[in-house]
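Reader: I would like to learn how to read contacts between side chains in a model. Could you take me through them step by step?

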Amino acid sequence: MEESTSCSMREKNEPNKQHRDELLSEDKSEFCEEVLSNELNKDALMVDLVSLKNSLLTAPKIMVYGKELKIVTTITDKFKERAQKELRETPEVVAEALKEIRKLVKGDSDLFIPDQDDFYTIFLRPCKWYPTSAFHLIQRYYRFRVNYPYVVENLTPMNLKNCFCSDLLIPLPIECNDGSRLIIIHGGAKWKPKEHSIYELFRCIIIMLEGAVKEPKTQIAGVQVIIDGKNLPFSHVPHITPKFAAMLVEWIQRCLPCRLKNIHVINQPFIANVIFSIFKPFLSEKLYKRIHFHGTNREKLINMIGKEALPKEYGGLELSESPTGEDIWHFFCHWQKEFESN
């Protein structure tokens, strides 16, 4: 079964066995499949995500929790073997998938995207190199941008300085046990909705995850997220509406080219049950099973992530808390021009 929640679609026709196998690898979804309209803004679709990956080589040094967050631009033999086992990533499969997805993209007159292997790989890896799945993921990725312009308009680090500098989103410097990247989101009392709206926080999450999936190793190993709900007040609840919940879940399950491995909710008070009930109707079974509520119990969290990757406050070994928001903002500003081109 496909490991990513971002490749959930179902085709009506099954012309051959390869296509049937591909369809079986995809999730069922409560969202209806949409066809890209002829009225898409072509300029908005001219996005060169590959330049983001190339900029990794000259990215500034960043210290998080006292450790350097190093960007990995190469793939070790261990991860090559893992990609082959988990993602069907062999030279033959890769070559055929790249050939087929180019045909599919060429047949869509509304898609104007970089015709580069690295760009297609971002979408093919979470879809296990099935070209039709990756093609539909690309369509949904851009359809989301068309459907929610108020989310992606002026989506650049420079426009989100205050939110980034508030220490609400922290990318961890050490990878989890399984090699996945770890991101902490502070959604409890530390988040001030009147200062940073739920949509502003979501926009920062998009930038952070789109940056993460440019890392080849992360494309294979995926991402895990910790949501810290410490001292979450009841006054936060009205800010999390069903409309927002549906949009967020749609983005995660159908539009995000990333293997989202697990979402860990910690330090949550009872009121978190009310908020989760808003999201629950929109969750696929797969994503629902990947959401783990830990409370203040650290045993399962440590087992799933590893002590080395966790800050001390969450049961980790070495990572000590320190203000890093402004450094993180400066780090993502390194790709300001690339995000402006989006």
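Predicted model: local features only at pLDDT ≥ 70, side-chain atom pairs only at ≥ 80, totals over all residues.

Reader: How are the rings of phenylalanine 202 and tryptophan 251 placed, edge-to-face, stacked or tilted?

Author: A pair of aromatic rings is described by the distance of the centres and the angle of the planes. A search of the whole structure finds 17 aromatic pairs. In the pair of phenylalanine 202 and tryptophan 251, the centres are 5.2 Å apart and the planes stand at 85 degrees, so the pair is edge-to-face. Phenylalanine 202 belongs to helix α10 and tryptophan 251 to helix α12, so the pair ties together parts that are 49 residues apart in sequence. Both phenylalanine 202 and tryptophan 251 are buried, and they are members of one aromatic cluster, which also includes Phe144 and Tyr148.

Reader: Which salt bridge does glutamate 215 form, and where do its two residues lie?

Author: Side chains of opposite charge can pair when their charged atoms come close. The side chain of glutamate 215 meets that of arginine 181 in a salt bridge, at 2.8 Å from N to O. Glutamate 215 lies in the loop between α10 and α11, whereas arginine 181 lies in strand β4, so this pair ties together parts that are 34 residues apart in sequence.

Reader: Are glutamate 285 and lysine 289 buried or exposed?

Author: Both glutamate 285 and lysine 289 are exposed, and their side chains meet in a salt bridge of 3.1 Å, N to O, with both residues in helix α14, 4 residues apart.

Terms used
Residues numbered from 1 in each chain as written. Heavy atoms only, no water. Phe/Tyr/Trp six-rings, centres within 6.5 Å; stacked < 30°, edge-to-face > 60°. Buried < 20%, exposed > 50% of the residue type's maximum accessible area, 1.4 Å probe, protein only. Salt bridge = Lys/Arg side-chain N within 4 Å of Asp/Glu carboxyl O.
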